[in-house]
Amino acid sequence: MISFTVTALVFGVVFLAELPDKTALAGLVLGTRYRASYVFAGVAAAFALHVALAVAAGSVLTLLPQQIVHALTGVLFLGGAAVLLMRKDEDEEEVRRPENQSFWKVSGAGFMLILVAEFGDLTQIMTANLAARYDDPLSVGLGAVLALWAVAGLGIVGGKALMKRVPLKLITQLAAVLMLALGVWSLWEAVAG
């Protein structure tokens, strides 16, 4: 059974952490050059693969004693918050243009771009942490993949408008504060448990 609370929490954390990421900007660049639905299909497939790998890794962590899992996830969340706070503004990456605009060429370009750029990325590590923390792989996976797809959709279709209205620095700071709170909470549970 899917927990709406866990799904919503994971969605919020992953959404905020992914918004300032370079892949959102790469999706924006692809979306301005190619048919949005083709780009989204490739990007969505790559994100689904990344979430599946992250949830599997997090599920393995649930085999450890709870205090160790809480301590480990707490430290990783605090590290993620530090990475977000110390991150410099990222420039749009130049994306190679496929030779034609066919579905397979465009979606393949989007898939490969995200597959490579997101491997071991902060949101993938965060998803693994959340899967370990909540021991609810379906809810965590659903929340993470929906958040990544939402960011990809925003980046592809309306990224420029969003970035004009909401400063990237504010989005990054909100994600860092959320991760900091989750890190402190996890460490407190490790000590109190």
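Which residues does valine 39 touch, not counting residues up to four places away in sequence? They are Leu30, Gly31, Tyr34, Val106 and Ile156. The model behind this report is predicted.

**Overall fold**

The protein chain has 8 helices and 0 strands. Read from the N terminus, its elements run α-α-α-α-α-α-α-α. The chain holds 193 residues, and buried residues make up 45% of them.

**The nonpolar core**

The largest nonpolar core has 32 residues. Val39 is one of the residues with the most contacts inside it, alongside Val10, Val14, Leu130 and Val140. Helices α1, α3, α5, α6 and α7 each supply at least two residues of this core. The most comes from α7, which gives 8 residues.

**Threonine 7**

Threonine 7 sits in helix α1, which covers residues 4-18. Is this residue buried or exposed? Threonine 7 counts as buried, because its relative accessibility is 10% and the cut-off for buried is under 20%. A polar atom of its side chain lies 2.9 Å from the backbone oxygen of serine 3. Leaving aside neighbours within four places in sequence, threonine 7 is in contact with Ile2, Ser139, Leu142 and Gly143.

**Aromatic pairs**

A search of the whole structure finds 3 aromatic pairs. Two of them are set out here.

| Ring pair | Centre to centre | Angle between planes | Class |
|---|---|---|---|
| Tyrosine 38 and phenylalanine 103 | 5.2 Å | 85° | edge-to-face |
| Phenylalanine 103 and tryptophan 104 | 4.9 Å | 80° | edge-to-face |

The pair of tyrosine 38 and phenylalanine 103 links distant parts of the chain. Tyrosine 38 belongs to helix α3 (residues 36-61), and phenylalanine 103 belongs to helix α5 (residues 103-118). The two residues are 65 residues apart.

Why is the pair of phenylalanine 103 and tryptophan 104 edge-to-face? Its planes stand at 80°, and planes over 60 degrees apart count as edge-to-face. Ring pairs link Tyr38, Phe103 and Trp104 into a cluster.

Phenylalanine 103 has 30% relative accessibility, so it counts as partly exposed. Tryptophan 104 reaches 71% relative accessibility and therefore counts as exposed.

**Arginine 133 and its rings**

Which rings does arginine 133 lie over? One is the ring of tyrosine 134, with arginine 133 over its face at 5.3 Å from the ring centre. Another is the ring of tryptophan 185, where arginine 133 lies over the face at 4.3 Å from the ring centre.

**Aspartate 135**

Aspartate 135 is found in the loop between α6 (122-134) and α7 (137-165). What is the phi of aspartate 135 near? The angle is near 45°, a positive value in a residue other than glycine. Most residues other than glycine have a negative phi.

Terms used. Residues numbered from 1 in each chain as written. Predicted model: local features only at pLDDT ≥ 70, side-chain atom pairs only at ≥ 80, totals over all residues. Heavy atoms only, no water. Helix = DSSP H or I, 4+ residues; strand = E, 2+ residues; numbered from the N terminus. Phe/Tyr/Trp six-rings, centres within 6.5 Å; stacked < 30°, edge-to-face > 60°. Buried < 20%, exposed > 50% of the residue type's maximum accessible area, 1.4 Å probe, protein only. Lys NZ or Arg CZ within 6 Å of the ring centre and 35° of its normal. Polar contact = N/O pair within 3.5 Å; in protein donor to acceptor, adjacent residues only side chain to side chain. Contact = heavy atoms within 4.5 Å. Core = buried A, V, L, I, M, F, W, Y, C linked by side-chain atoms within 4.5 Å.
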